[in-house]
Structures are given as structure tokens and as C-alpha cells.
Number of protein chains: 2
Amino acid sequence: MSNIEALPLLEPEAPESAVPCCPPLTERPLTADEAEKTARMFKALGDPVRLRLFSLVASHEGGEACVCDISDVGVSQPTVSHHLKKLKEAGLLTSERRGTWVYYRVEPSVVAAMGQMLGTLG
Amino acid sequence: MSNIEALPLLEPEAPESAVPCCPPLTERPLTADEAEKTARMFKALGDPVRLRLFSLVASHEGGEACVCDISDVGVSQPTVSHHLKKLKEAGLLTSERRGTWVYYRVEPSVVAAMGQMLGTLG
């Protein structure tokens, strides 16, 4: 049988609105729209636990981590899951389910864009 | 008369706790203390109006701006002042009073450290 239908390709998981938008902050003032979009990403890192979890994922072996890899941040596993979801919603992490666990990985393009916005100010 | 006493030197205006602390996020997980310190800076940029004001200061002629230079962000001058103060408290801006106005300027070392933390992830 050869009637296997082509499945539509899934889009990458980062929400469209999280696509990096903005020039270095020294170049010109951000528009209201750009600021709205970008502030969401900074806000996601503006919580100590979330920032720590983000660094845990970013520095974990293979560049990815699941809740099962994270134990010593002083919050419960459901809270860890909640924060990882928030980071994903902000476009900073992508996720992939494999078996029991959801694995999170840093979305490099988004994070690089944030770094670039700040990097020229140093 | 030569009994002019030496005045103690004033410390730079950025609060001590805002001094950049942390390695690139891919290197190792942040400690709780580091995350606490750094999240404050990200949080300060996590508001659209504040982020826009920050970009206005960063991109303004001469690298500094006062409230008198800022008119088109859709919030009142007291609100602008409030947000600039918050950015200063987070260590992202320094300020200097000259005559009637307080001039704000980006604190390059702090912002560069934030960029560096993110920059290696791209």
C-alpha cells in the first residue's frame, strides 16, 4: 500500500510573536510594538527562580534538560514545570516530549537577539 | 588658612548590588544569590514602557537624556521619572543633576554583563 498521506510539517515551537525583532538599543529608540514584544522576554528572566532554571537548561549537558534533571532549586517539581512553561511561552525555550518527560532547550535565535540588543552598549 | 579637610570621596551611583556578577549562562547554573542579583536587572527591562525609555536614553545623542528630552512615549512626565528611577535602582542607568534636570546615562558595565550572559547562547 502506498496511500500514505503527507502530513503537514509542524512549525517550530517558539510562538511567532517571540521572533527577535529589534536593533541594538544604541541605534534608535524602540517602537511601542517592539518594546511590547521584547519586554516579555526580559520579564521572563526577571524572576530569580526562572532565571536560575533557564541557566540550568542552558548549561545542562547536551543543551537540554527535563524536570527530571532539576532537583536543587528549592521549589517543587510542579513549580519548576510552571516556570519552564513560562519561559517557553516567552519564546526563550523550546520543548519536545520524549516518553514520560518534556525536554527543554534554549531557543538560540531569540536569546542571541536579546544579547545583541544589549551587547553593543558595553 | 590651610585647614581644609579632605572630604570622603563619593561612591559611583550604581548600587553595589548591581555590579555584574555572572558567567555566560551556558557555563554553569547560577547560584541562588547570583540569580537574585541578576533577575533584578532583567526585571527592570521587563516592562514595555521602561524598556522603551531605556532604549531612548541608550540611543540619545551623547548617550544621555533627561526627562526634558522624552515626550512621545504616551505616559506623563512623572511616570517617565518614576521609570527612570527604577532603571537606576536596578543599576542599568546612572544619573547626574545639572541645573534643573537630572540626566540619565546607560551604565555600560552592567548592561555589557547582561549581554555577555546571553550572548554566548546564540
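Predicted model: local features only at pLDDT ≥ 70, side-chain atom pairs only at ≥ 80, totals over all residues.
**Two chains and their interface: a short tour**

On the side of chain A that touches chain B, the elements giving two or more residues are helix 1 (32-44), helix 2 and helix 4 (108-119) of chain A. Which of them gives the most? That is helix 2 of chain A, with eight residues. Sorted by class, this side of chain A has 20 nonpolar, nine polar and six charged residues.

Now for the extent of the interface. The size of an interface is often given as the accessible area lost when the parts come together. Here, about 2,700 Å² is buried between chain A and chain B, and carbon and sulfur atoms give 77% of that. Within chain A, the residues that lose the most area to chain B are Phe42(A), Leu51(A) and Leu118(A), which together make up 18% of what that side buries. Counting contacts, 35 residues of chain A touch 35 residues of chain B.

Let's move on to the sheet in chain A. Three strands make an open sheet there, in the order 1-3-2, with antiparallel pairing. Its edge strands are strand 1 (64-66) and strand 2 (93-98) of chain A, each pairing on one side only. From one strand to the next, the twist averages 30 degrees. Strand 1 and strand 3 (residues 101-106) of chain A are joined in the antiparallel sense over three bridges; if you want one to look for, Cys66(A) has Tyr103(A) in strand 3 as its bridge partner. Helix 2 (residues 48-59) of chain A lies across strand 1, strand 2 and strand 3, at about 90 degrees to strand 3 of chain A.

And chain B? It has an open sheet of three strands too, in the order 1-3-2 and with antiparallel pairing. Why is one side of strand 1 (64-66) and of strand 2 (93-98) of chain B left without a neighbour in the sheet? Because these strands stand at the edges, each with a single partner strand. Strand 2 and strand 3 (residues 101-106) of chain B pair in the antiparallel sense over six bridges, and Ser95(B) stands opposite Tyr104(B) in strand 3. Helix 2 (residues 48-59) of chain B packs on this sheet, touching strand 1, strand 2 and strand 3 of chain B.

Note on methods:
Residues numbered from 1 in each chain as written. Chains lettered and ligands numbered in written order. Heavy atoms only, no water. Pairing = 2+ DSSP bridges. Helix = DSSP H or I, 4+ residues; strand = E, 2+ residues; numbered from the N terminus. Axes fitted to C-alpha atoms, helices over the stretch in contact; angles between N-to-C directions. Contact = heavy atoms within 4.5 Å. Buried area = accessible area lost by both parts, 1.4 Å probe. Nonpolar A, V, L, I, M, F, W, Y, C, P; charged D, E, K, R; others polar.
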